[in-house]
Amino acid sequence: ASRSAGRMVKETIRVYARVKPLGRRQQAGIYSVDNDEKSLSSLEIIMPHDLADGFVNNKRERYKFKFQKIFDQEAKQDVVFDSIAKPVAECVLAGYNGTIFAYGQTGSGKTFTITGGAERYSDRGIIPRTLSYIFDQLQKDSSKVYTTHVSYLEIYNECGYDLLDPRHEASRLEDLPKVAIMEDPDQNIHLKNLSLQQATNEEEALNLLFLGDTNRMIAETPMNQASTRSHCIFTIHLSSKEPGSATIRRSKLHLVDLAGSERVAKTGVGGHLLTEAKYINLSLHYLEQVIIALAEKNRSHIPYRNSMMTSVLRDSLGGNCMTTMIATLSIDKRNIDESISTCRFAQRVALIKNEAVLNEEIDPRLMIVQLKKEIQELKDELALVTGKQRTSELSQEELLQLDELIETFLEDNDPDSTLNVGADMRKIKYCFIHVKQLMNHSRISDKKLLSQHTSEEKDTNKEAGEEELKKLKELLQQRDNEINILVNMLKKEKKKAQDALFQLKAASAASAVLEQSLSINLEERQNPSSCFSLKEAKDFNSSVHRLPFLSRQTGGKMSLGCQEAFEVFKQDRADNITIENNKQLLKQRFTEAKCLGEKLNEVRNKINHLKGEITQRHIQRAALAVSCPSEEPNMLDPVEEKLRMQIEEEKKSYKTMFNRLKGLKVEIEHLQLLMEKVKMKLQKDFEVWWSEEVINLQ
């Protein structure tokens, strides 16, 4: 079905496959991709006999599966985005709902496809590229007013957690706010406690994505990475409205990273991890049940409610949504059976039909304006009938009058006495409230309050003393642990130093001579430009734009002993090397940007100079026309033409340089975010190591 025709679009879920490149130690499985067929591509996987684990293997050897398109091992991220995500993003901009979800076993490249890799800028996944594309399109379209919000939900062991909660700096997943599912009478799903964060531009949206990823990374347990054990749903909510129109279009785009789909037997786990594996398999099993039920023509009941995952994705599966699935495959010999089961699942998903509807509704604010007008008209009518202008609040005078009436009524012992305030609901309500307050006051005895107060005070003092003692004991234990760990580290460092000293003695004489000659050379050569580069680096560091939620600096929370250990710990880490490399790369990009800025200024000055020359030329020609009126005044001036041509050339080069500078800015921001991410990972690793050391000591 074409994606743009009419107000409702019926089409099956689009299914794509992506094959992950083999690792160094993996043995390649045998498969072939045929992308030449007119409509669909096909993937053929060969199952060798030797995979039968010693049993007689009666399984067939060749398996063939059809997909919309298959991305082989060398497929790049931008190609995947253009084919899979761009069409869905276009529909979301037009007012339809969209979903893209990745399904496959652990390590087959789901998170890489959806979120992207952390190493290179070109490794960005579908989420950051989609955000860039959507905001790019919104900037180009000035005919509507758009608002964009994002949410980021993680589902782990059938519990939902909000990854974008701004009030939390989570250290465990359980610290994040829990998200609950509510269903309204029309069977629409609402997620209670899931925050919607507004993003006015691409930078804000990417910062929110980064906050979510960071919260997710920090909340990992040391045993395993979160991405393999939990489902994540990043949602972009768009609403658009033409100025002056009462109709609003609302659409949402879910980008889903599912948990690994492998079977429990293969993971070889027990205890706590087995519980996780059961939950993961259970929620994927329910997802499969929903898909099987949708593929059967005569099924009336679809079991969406069985798991949180299927409830949230209810619209995406067989509902009001345009859905696309990416099956990620790792076709090495050990994983051929998992790859085949992923493909089978994908074939079932491809049978589901969705009906996407254009989501339009009337703006409630215009309704409010109309209703206010109606209320005012009714008030005016009431004033005409009663002859009194009625305000919503009672005046001070009226309130005092009522207080007096109530007092006389309560003091009057006559059983037949009445409290008459007239046919005014406001006055009647006030009387009831006043009487209730008087009743409550008389009930509470002062004596009771006093005794309660003194006993509470004693308890509080006792508790405070015990609490203080407990805290001091804990602090003492903590300092003891720190001293022991540092002593152990010191011993190791001392041994290293002694070994190094022995080797150094032999080479010290030669190195002294070399050092002397080098220092002389350096003094001769030193020039102002090298000093400049150092200053520039300092400026650059201070200009790095840091997000408020990344101020998890080590100094703020660590004691001195802990900091010492952290400095030694990070020396040999690969992450530290990554940080240094990224620093170098940032420095290069910053220098390049500075250089481009200077060039842009030069070109701008040149254009202004050329414009000045043209003006001079005009003045000269005007003077010539006055002195020699016989000359032809309308003749083209070749000098002026040449100057105009030069201006055009300079403008072109200005535009090229400006676009490059814009690209550099985006890349610099991305690199800064990557660096922050790696720094956090380094600190996280240290925290895990530190806690292990403390346990060993105890």
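A pocket is an open set of grid points with protein on both sides within 12 Å along at least five of seven lines. In this predicted model, the second largest pocket has a volume of about 960 Å³. Its lining comprises 35 residues, and Ile189, His190, His237, Lys252 and His254 are those nearest the centre. Two or more lining residues are contributed by each of several elements, including strands E7 (98-103), E13 (231-241), E14 (247-257) and E17 (360-362) as well as helix H8 (308-312). Strand E13 supplies the largest share, five residues. By residue class, the lining of the second largest pocket consists of 18 polar, nine nonpolar and eight charged residues.

Strand E14 is paired with three of these strands. With E13, E14 runs antiparallel and is joined by ten bridges; serine 240 stands opposite arginine 249 of E14. The two strands form a hairpin with five residues between them, and glycine 244 in the turn has a positive phi of about 85°. The pairing of E7 with E14 is parallel and contains five bridges, with glycine 98 opposite leucine 253. E17 is antiparallel to E14 and joined to it by three bridges; isoleucine 362 in E17 is the bridge partner of threonine 247.

Serine 251 also belongs to E14. Its relative accessibility is 6%, and serine 251 therefore counts as buried, the cut-off being under 20%. The side chain of serine 251 reaches the backbone oxygen of valine 92 at 2.8 Å. Beyond residues up to four places away in sequence, serine 251 touches Val92, Gly95, Tyr96, Asn97, Ile236, His237, Leu238 and Asn359. Among these contacts of serine 251 is His237, which is also one of the residues nearest the centre of the second largest pocket.

Note on methods
Residues numbered from 1 in each chain as written. Predicted model: local features only at pLDDT ≥ 70, side-chain atom pairs only at ≥ 80, totals over all residues. Heavy atoms only, no water. 1 Å grid on protein atoms, 1.4 Å probe; cavity = no way out; pocket = protein on both sides within 12 Å on 5 of 7 lines; lining within 4 Å. Points joined across faces, edges and corners; volume = space filled by probe spheres on them. Helix = DSSP H or I, 4+ residues; strand = E, 2+ residues; numbered from the N terminus. Nonpolar A, V, L, I, M, F, W, Y, C, P; charged D, E, K, R; others polar. Buried < 20%, exposed > 50% of the residue type's maximum accessible area, 1.4 Å probe, protein only. Polar contact = N/O pair within 3.5 Å; in protein donor to acceptor, adjacent residues only side chain to side chain. Contact = heavy atoms within 4.5 Å. Pairing = 2+ DSSP bridges.
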